Amino acid sequence: MSRPRILIARRLFPEVEQRLARHFDVQTNPDDVAWNPQELARQLADKDGALTTGGQRIDAALLAACPRLKVVANMAVGYNNFDVDAMNAAGVQGTNTPDVLTETTADFGFALMMAAARRMTESEHFLRAGRWQRWSYDMFAGGEVHGSTLAILGMGRIGQGIARRGAHGFGMRVIYHNRSRLAPQAEAECKAQYVGMDELLAQADHLVLVLPYTSATHHIVGAAQLARMKPTATLTNIGRGGLVDEAALAAALQTGRLAAAGLDVFEGEPVVNPALLACTNVVLTPHIASATVPTRLAMANLAADNLIAFFDGRGPLTPVNQ
Ligand code: DGY
């Protein structure tokens, strides 16, 4: 019997590619090209499954060109690159990689928030540029982190991880807003208080976005929301770029309407809005919140496990649809 044909859409850990090759006829992408949608559809046209990384859109147009495709394993917890309705209509299983990245991503979200609040990259650029001449009482004086109010929008596993760090490690008051309220025990573990969106914005010293990106959350933070925040506040986004109206954020940062921001995700990745690049009070990182070697390896292996379990007939381990 012929083995399922699998496309690994971006270069991966060699041991994971080799592991998949023991189960499937594997096509890899050794040059790590980020294929455009037409080329991705061409590469997938004769495949039964795919391992994607979040940058590859799986939609009705692609599915129409890939009649053999049965499963797509995303190496990411977010799966906004999947058109889930189109995948359901085509009978294509999607999977993601939850849990294995929770603590690593929460570490990074917290670090990015701290870096923005304490002006770490802005002051480093100043030092590297040879501009540090003398001590000054207000040189790069930022906002307080310990004891301040941490506001989390999106209280899933990663949001709760950030909340625990803030509450237990830094004595922060934690407030959150989410589609649904957490169970009392989970709220107690995070020492987190549920509030409405307006209260979240108004009380935040540090607002962190960790929610999934959907049509309902597109630009959930725009000019109107930024106007409700304290001018001393910071905004950190480790969800998806489209959660924030970047032009409005850049304007708020430039005019002092908001003190600082930390962004790991961008609407036009890997292109970054020039208005944001022009702001000194924003820490910018290239979508690396889950990027530690052990976590990326665990994500790759979980995506591989999903493909292996699916074709073994055991059913996917972490499905997102069907
Ligand atoms: C995720 O897992 O969704 C991260 O953003 C990495 O893509």
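How many helices and strands does the protein chain have? I counted through the assignment and found 13 helices and 12 strands in the protein chain, where helices (H or I, at least four residues) and strands (E, at least two) are DSSP runs numbered from the N terminus.

Before going further I noted that this is a predicted model, in which local features need pLDDT of at least 70 and side-chain atom pairs count only at pLDDT 80 or more, while totals for chains, interfaces and linings use all residues. Residues are numbered from 1 along each chain as its sequence is written.

Next I looked up the overall dimensions. Along the principal axes, the C-alpha atoms fill a box of roughly 75 × 50 × 35 Å.

I then turned to the UniProt record, an unreviewed entry, whose annotation "domain: D-isomer specific 2-hydroxyacid dehydrogenase catalytic" covers residues 6-321; its positions are given in the numbering used here, feature names are shortened, and annotations may be inferred rather than shown by experiment. Over residues 6-321 I read 38% helix and 14% strand, with the end C-alpha atoms 20 Å apart. The annotation "domain: D-isomer specific 2-hydroxyacid dehydrogenase NAD-binding", also from the unreviewed entry, covers residues 110-289, and over that stretch the chain is 36% helix and 16% strand, with its end C-alpha atoms 10 Å apart.

Around the ligand I found Gly54, Ala76, Val77, Gly78, Leu101 and Ser290, a residue being near a molecule if its C-beta atom, placed from the backbone, lies within 6 Å of it. This shell divides into 3 nonpolar, 3 polar and no charged residues, where Ala, Val, Leu, Ile, Met, Phe, Trp, Tyr, Cys and Pro count as nonpolar, Asp, Glu, Lys and Arg as charged, and the others, Gly among them, as polar.

Last, I checked two details of the backbone. The peptide bond from Glu269 to Pro270 is cis, with omega near 5°, and Pro270 lies in the loop between strand E11 (260-263) and helix H12 (274-277). Asp99, although not a glycine, has a positive phi of about 70°, and I located Asp99 in the loop between strand E5 (93-95) and helix H5 (102-117).
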